[in-house]
Structures are given as C-alpha cells and as structure tokens.
Amino acid sequence: MLHQQGLLAANNAPLRPQIDPSQPFASRDSHFAPRAKNVLMIFCSGACSQIDTFDYKPELIKRHGQPLPGAENLLTFQGAQGNLTKSPWKFRPRGESGKMVSDLVPMLGELADEMCFFHSLTGKTNTHGPGENFMSTGFTLDGFPSMGAWLTWALGTENTDLPAYVAIPDPRGTPQSSVNNWGPGFLPAAFQGTDFNAAKPLRNLQRPAGIDAETDRRTRAFLQSMNRRHLEDYPGDSELAARIASYELAARMQLSVPEVSDLSTESAATLKMYGADDTQNSLKAAYARNCILARRLVEQGVRFVQVFNGAYQTGGEGVSNWDGHKALEQQYSKHGPVLDKPTAALVRDMKQRGLLKDTLIVWCTEFGRMPTFQAGASGRDHNPDGFTAWMAGTGVKAPYTYGATDEFGHKAVEKVATVYDFHATILHILGLDHERLTFYHNGIERRLTDVHGHVIKEVLS
C-alpha cells in the first residue's frame, strides 16, 4: 500500500531494462547521462604483481632482504614467507606527471599521463578461480553474471551485426575460470559473451560443406517465415521471439565477423606499432593481433570487449600467466614484453582514432602479490589485501592516483577500495546506478555489486 501511494523512497526501486524479445540487443537508454558508451577491459590472468609494475615502494627497495615487520611467522596461500624483496626491475618517472612505473612495462609507463591508477584495491579470496570470478562477476562462486553480461543486458548495443559482448581469450587458451568470466549467470542466455580471438575464429559460423550459399539463404528464409507465422499465432511466446532474433543475428554474423576479424586490411605501420609483425616473439605477435581485433570491435560499436592476457596454467606455475611463485624474474621477463607493447599500442591507437571519447579502458587482474619472496623460492605469493588496477579514456581523471598500499605494498591503507567499489564506478561511468540495476532471481534482487559498493566519485572526470 505504501508503494502504491508513493510513500516509499522512489530511488530504491529497481531500474530494469525494457527488452523487446524480438530485439534483445537493441540499444537502450542508461539510467542517467553516461560518460562512456563502451568498455574495453584488459584482464591479466594469474595475478599480475603490483610490486613489479605500477606500485612504486622506495621503502621496499631500502629494506630489501629484511623481514616484513610484524609478519615474521606469516603464512600465505602457499605457506611461509621469506624476506622483503624489491622488484628486479627499476622504477622510473614517466610522463609529465613523473609517475613511477617499472621497466617491466616501459611502453605502458610512457602512457602514465593517460591513466587513472587505483592502488588500494582489495579482494575477498587468494585463489585464482574464485579471484577471476570476483573481478569478472562480483562473486567468488560460479553461476553469477559477468560485468559484460550486466552491461549488455542493461544497455544493448549500437551494432546490429555483431555480438554486444565479445571476450577475446589469450593465444595460449582460456583463463582459469574459463567461461565464467564472460558467462550470463542467471541473466537471459543471450547476454553471454561471444568468445573468439584473432587466431581462432568464431565456432560454427560457416555453413556446412556441401550446402551452397543459395540453398542456405532459402532455408533460412523458409525457417524465418515459419517462425514468424508461429509467432503471429502465439504473440506472447518471448522465447521463440528471442530464438528468431538469435538466428537472424547469426546469419548477419556470417558476413560481419569474418570482416571485422580480417586483419589483412590493417597497414604495415599499424601491425608494426602493435608488434603483430614480430617474428622473434610469436606469442607477443599473437596477443598483438588480439589487441587489434579488440580495437576493431570497439570501432564497430561492440558494447563490451574483454581481452585476456594469460591463460590457465599449462607447463607449471607462471608459464602461461602471471602466477609467479617460483621464478618470478625469469617468468615475468617473458610476460612483460607480451603485454607491454601491444597494450600500449592499443591505448595509443584508440586515442588517435578518437575512440577514447566514448570508451572506458580498464586494466585489471584478480588480486596482487606479496612484497616478500616465498620461503625457499624466488617468487611472490598471492595477496588480495592490496593491489593495483587502472583506467583510461573517457570518464576518469588522468593523470590521477587513487589510494595507496603501505610502505611495502602489502596492504591497502589509504582510501581502501573494494572490487565492489571498482564495479560500481565502472557502471556509473556507463550511466548505470549499481544499486538499482537488479535482476530478480530465486527470491533475491541480485546485482553486480551484491549488497556492497560505492562509486569512487573522486576519480570521475
């Protein structure tokens, strides 16, 4: 009765998108004026070390080889910790801002003036699979919608010929939590991310051998006429309408996906800028091609593009991703160049093409790493108590630094932020109220930020 009389707080009411089942991906209005229209996320799987990339700690360098104060008997994910260990890479001031960035990622360092750094992120788990889930979905458990699914459910897309949400797996394979990173959870299945990369085209897109183009076209036309006739008889069948829309999108994608994936149209200068022509480092070249693909998808209006750097462990810890437990310097010396040049070129290319006017770029990882080396090893253990992410593009201040870890880079101590806050801020930049964007599931109004999170307004431009 109170609700009907308008006596309850109106701003607590859910704001669910009105979706036409026959056009599930049609572009929809945001809750308020957005700062960005698209998101490009670069996800470093394996927990990329903040200590060795973007979080400069002179006290750690000064006290290299000493015990971590107050943590002499500290046990972390894999066991006992050794002494404080400075990064093998030197930090240098970058750009006009003088932001200190490691020599592990020098080309990204050159772009420090374009970045808004979050140095005080905290997570809920020190395990990779749940950590990836948490960063991608806001929950450590499987079965919850990814951020890209929430965004495309809420906003649709401005491109009618491509998926609204594309996940681009690393050349080495999928991340540890695999499709959970781009899954729809309990949202309608249509909003799952479509996964393909520059080397592995979208599956099941081509017509079967032995069926010519004309037969294929006529078969689709006949099926479409039958489906539409059935829909006219049963206009309330939203599942059929959604299935028709899915078939129609699939037909259009037979032309659009090969076109957007065809990198042969890129200039030699562009390929060189990204490192896609590197004959000495085939992994870097493959990741570079994924970055070019990501830019092309954003150019075509795809709402959410998620690029993975690092895959599920194959060949031991730290070989296929950033999980540097045992031999960090050796392993990161391979991972750094793969990430650095292509990702820096992606940011530069997006800017010079004017794409950052509407796009928010997000760089993240599932959690951070310890400022100590593990006892008896030459690598760092998992650390969800303080880690780094950054954003660039529209919607955020740059150059800007938000929050800080302690003097060793161990725990967030200044303006401590959660992944929920991080997600709430991204949604806000897209014009969405994270507290009111909900989906009713199993008796609960679910949202990306669960029952937590605050927009970090200090970073907004």
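Begin by selecting Lys57, a buried residue with a relative accessible area of 12%. The structure on the screen is a predicted model. Lys57 belongs to the loop that runs between strand E1 (38-44) and helix H1 (58-62). Display the residues around Lys57 next: beyond its neighbours within four places in sequence, Lys57 is in contact with Thr405, Asp406, Glu407, Phe408 and Gly409.

Remain in this loop and select Ala47, which is also found between E1 and H1. Ala47 counts as buried, because its relative accessibility is 0% and the cut-off for a buried residue is under 20%. The backbone deserves attention here: phi of Ala47 is near 75°, a positive value in a residue other than glycine. Most residues other than glycine have a negative phi.

A second residue of this kind is Lys415, whose phi is near 50°, again positive in a residue other than glycine. To find Lys415, go to the loop between strand E17 (412-414) and strand E18 (417-418). Is Lys415 buried or partly exposed? With a relative accessible area of 36%, Lys415 is partly exposed.

The next stop concerns a peptide bond. Select Ala398 and Pro399, which are joined by a cis peptide bond with omega about -5°. Pro399 lies in the loop between strand E14 (387-393) and strand E15 (400-402). As a general rule, most peptide bonds are trans.

Now move to Arg35, in the segment before E1. Arg35 is partly exposed, and its relative accessible area is 31%. Which residues does Arg35 touch, not counting those up to four places away in sequence? They are Lys357, Thr394, Gly395, His428, Ile429, Leu460 and Ser461. For a distance to check in the viewer, pick the C-alpha atoms of Arg35 and Thr388: these two residues stand 353 residues apart in sequence and 23 Å apart in space.

Continue with a pair of helices. Select helix H3 (residues 128-137) together with helix H10 (residues 419-429); their axes come within 9 Å and cross at roughly 30°. H3 is therefore roughly parallel to H10, since angles under 35 degrees count as such. On the H3 side, the contact is made by Phe134, Met135 and Thr137, and on the H10 side by Val419, Tyr420, Phe422 and His423. Coloured by class, the residues of this contact divide into five nonpolar and two polar, with no charged residue.

Then select helix H4 (residues 147-155), which is mostly covered: nine of its nine residues are buried. Among them are Trp150 and Trp153, along with Met147, Gly148 and Leu155. Step to the residue that follows H4, Gly156, and inspect its backbone: phi is positive, near 65°.

Display the second largest pocket, which holds about 220 Å³. Which residues lie nearest the centre of this pocket? Of the 13 lining residues, those are Gln23, Phe25, Ala26, Thr160 and Arg252. Taken by class, the lining comprises six nonpolar, five polar and two charged residues.

Terms used. Residues numbered from 1 in each chain as written. Predicted model: local features only at pLDDT ≥ 70, side-chain atom pairs only at ≥ 80, totals over all residues. Heavy atoms only, no water. 1 Å grid on protein atoms, 1.4 Å probe; cavity = no way out; pocket = protein on both sides within 12 Å on 5 of 7 lines; lining within 4 Å. Points joined across faces, edges and corners; volume = space filled by probe spheres on them. Nonpolar A, V, L, I, M, F, W, Y, C, P; charged D, E, K, R; others polar. Axes fitted to C-alpha atoms, helices over the stretch in contact; angles between N-to-C directions. Helix = DSSP H or I, 4+ residues; strand = E, 2+ residues; numbered from the N terminus. Parallel < 35°, antiparallel > 145°, perpendicular 65-115°, else oblique. Contact = heavy atoms within 4.5 Å. Buried < 20%, exposed > 50% of the residue type's maximum accessible area, 1.4 Å probe, protein only.
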